[in-house]
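Subject: Structure handover and findings

Hello,

Here is the structure we talked about. Please open it and keep it beside this message as you read.

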Amino acid sequence: LAEQPKQQLSVSTNASTTSTSTTPPPWRGVFFFGPESVQNRDGDEIPVWHVYVGDDQGEAVGRVYRLYSFAKAEALANAMSHDRKLELIAEADQA
C-alpha cells in the first residue's frame, strides 16, 4: 500500500485579520411596549403588546411579536433579553 502524504498546516496572515481596531457590532435592544388598541373580528377593541429586537432608533430589525396578554408579552421580552444578552427597553403598561 502506498503511504498517504502528511498534511501540512499553513497559516497566512494579512493586515486586516491582525488589526486590533475592530468595529463593534451595532447596538441592539429588546423593545416591549403597549398596550395598543386593535379591533378583533367582532369589532371589539382589545389590547395588544409588541416585543421585538430593535436598533438604536427603536426600529425593528427582525420579527415583531404581537401578544394579547401583558404577562405573556412581558415573559417573552424578559426571555429574549436574557437569551440574547440585550438590554430590555420596557415601555409597556398593564391594561
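Where is the place of Asp 44? Asp 44 sits in the loop between strand 1 (29-39) and strand 2 (45-54). Please note that this is a predicted model.

**The overall layout**

The protein chain has two helices and four strands. Starting at the N terminus, the order of the elements is α-β-β-β-α-β. The chain has 95 residues, and 23% of them count as buried. Now take the contacts between residues at least 6 apart in sequence. Of these, 44% join residues at least 24 apart.

**How the strands pair**

Start with strand 1 and strand 2. They run antiparallel, and nine bridges join them.

Is it buried or exposed, or partly exposed? Its relative accessibility is 43%, so Asp 44 counts as partly exposed. The cut-offs explain this: buried means under 20%, and exposed means over 50%. Leaving out residues up to four places away in sequence, Asp 44 touches Val 38 and Gln 39.

Now compare Asp 55. Asp 55 lies in the loop between strand 2 and strand 3 (60-67). Asp 55 is buried, yet it has no salt bridge. The nearest side chain of opposite charge belongs to Arg 28, and it is 5.2 Å away. A salt bridge needs the charged atoms to be within 4 Å. What does the side chain of Asp 55 reach at 2.9 Å? It reaches the backbone nitrogen of Gln 57. Setting aside neighbours within four places in sequence, Asp 55 is in contact with Trp 27, Arg 28, Phe 31 and Val 61.

**The nonpolar core**

Which residues make up the largest nonpolar core? There are eleven: Val 30, Phe 32, Trp 49, Val 51, Val 53, Leu 67, Phe 70, Ala 73, Ala 77, Met 80 and Ala 92. Strand 1, strand 2 and helix 2 (70-84) each supply at least two residues of this core. Helix 2 gives the most, with four residues.

Not counting residues up to four places away in sequence, its contacts include Val 30, Phe 32, Leu 67, Ala 73, Ala 77 and Met 80. Val 51 also touches Phe 31, Arg 63, Val 64, Tyr 65 and Leu 76.

**Backbone points to check**

Which two residues does a cis peptide bond join? They are Gly 34 and Pro 35, and omega is about 5 degrees. Pro 35 is found in strand 1, and Gly 34 is in strand 1 too. Gly 34 has a relative accessible area of 13%, so it is buried. Apart from neighbours within four places in sequence, Gly 34 is in contact with Val 48, Trp 49, Glu 91, Ala 92 and Asp 93. Gly 34 and Arg 66 are 32 residues apart in sequence. In space they are 9.7 Å apart, C-alpha to C-alpha.

Next, look at Lys 85. Its place is in the loop between helix 2 and strand 4. The phi of Lys 85 is near 55 degrees, a positive value in a residue other than glycine. Why does Lys 85 count as exposed? Its relative accessible area is 72%, and exposed means over 50%.

**A serine in helix 2**

Finish with Ser 81, in helix 2. Its relative accessibility is 12%, so Ser 81 counts as buried. Ser 81 touches Val 30, Leu 86, Glu 87 and Leu 88, when residues up to four places away in sequence are not counted.

Best wishes

Terms used. Residues are numbered from 1 along each chain as its sequence is written. This is a predicted model: local features need pLDDT of at least 70, side-chain atom pairs count only at pLDDT 80 or more; totals for chains, interfaces and linings use all residues. Side-chain values use heavy atoms; hydrogens and water are left out. Buried means under 20% relative accessible area, exposed over 50%, partly exposed in between (1.4 Å probe, protein chains only). Contact means heavy atoms within 4.5 Å. Lys and Arg count as positive and Asp and Glu as negative; His and the chain ends are not counted. A polar contact is a pair of N or O atoms within 3.5 Å; within protein, one must be able to donate a hydrogen and the other to accept it, and residues adjacent in sequence count only if both atoms are side-chain atoms. A nonpolar core is a set of buried Ala, Val, Leu, Ile, Met, Phe, Trp, Tyr and Cys residues joined through side-chain atoms within 4.5 Å. Two strands pair if DSSP finds at least two bridges between them.
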